[in-house]
Amino acid sequence: MNLLHYSVIQSLEDVDPDEWNALGGIDNPFVSYEFLAALERHDCVGETFGWYPHFVVGHDEAGHLRAAMPMYAKNNSYGEFVFDWSWADAWERN
C-alpha cells in the first residue's frame, strides 16, 4: 500500500517545479508551476491583496510529490476581479 504524507505549504518555492508540473499535465496552464509561482513573485497573491497561498501537497514514502492542490485563503474584499459591494451592502442592511 502506498501511503501519502500530506502537508500545507505557503509558497511554491518549497516544491520542485518538475514534480508539480508532472501532476497537472499540459492541458491547464492555470495550475502550472510557472503560472502560480508568477502570481507569488509579482505580488498578485499575498498580503497586498489578501490572497494567502495554501498548497496542500502529498508526498509518498520516498519523498516524491504525488498529489497537490492550490488553495488561497482570502481575508478581505479587495483585489477581486468582480466586486460584490451591492451584495455586501444588502447583507449589512438586512
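**Close-up views of aromatic pairs and the nonpolar core**

**View A. Trp20, Phe55 and Tyr72 form one aromatic cluster.** In this predicted model, a search of the whole structure finds 3 aromatic pairs.

**View B. Phe30 and Phe35 make an edge-to-face aromatic pair.** The two ring centres lie 5.2 Å apart, with 85° between the planes. Phe30 is exposed, its relative accessible area being 55%, whereas Phe35, at 33% relative accessibility, is partly exposed.

**View C. Phe55 and Tyr72 pair edge-to-face.** Because their planes stand at 80°, and the cut-off for this class is over 60 degrees, the rings count as edge-to-face, with centres 6.0 Å apart. This pair joins distant parts of the chain, since Phe55 belongs to strand 2 (residues 51-59) and Tyr72 to strand 3 (residues 65-74), the two residues being 17 residues apart. Phe55 is buried, with 0% relative accessibility, while Tyr72 is partly exposed at 27%.

**View D. The largest nonpolar core has 12 residues.** Its members include Trp20 and Phe55, together with Ile9, Leu12, Val15, Tyr33, Leu36, Ala37, Leu39, Val45, Val57 and Leu65. Helix 2 (33-41) and strand 2 each provide at least two residues of this core, and helix 2 gives the most, with 4 residues. In soluble globular proteins, nonpolar side chains tend to be buried together.

Key: Residues are numbered from 1 along each chain as its sequence is written. This is a predicted model: local features need pLDDT of at least 70, side-chain atom pairs count only at pLDDT 80 or more; totals for chains, interfaces and linings use all residues. Side-chain values use heavy atoms; hydrogens and water are left out. Rings of Phe, Tyr and Trp (its six-membered ring) pair if their centres lie within 6.5 Å; planes under 30 degrees apart count as stacked, over 60 as edge-to-face and the rest as tilted. Buried means under 20% relative accessible area, exposed over 50%, partly exposed in between (1.4 Å probe, protein chains only). A nonpolar core is a set of buried Ala, Val, Leu, Ile, Met, Phe, Trp, Tyr and Cys residues joined through side-chain atoms within 4.5 Å.
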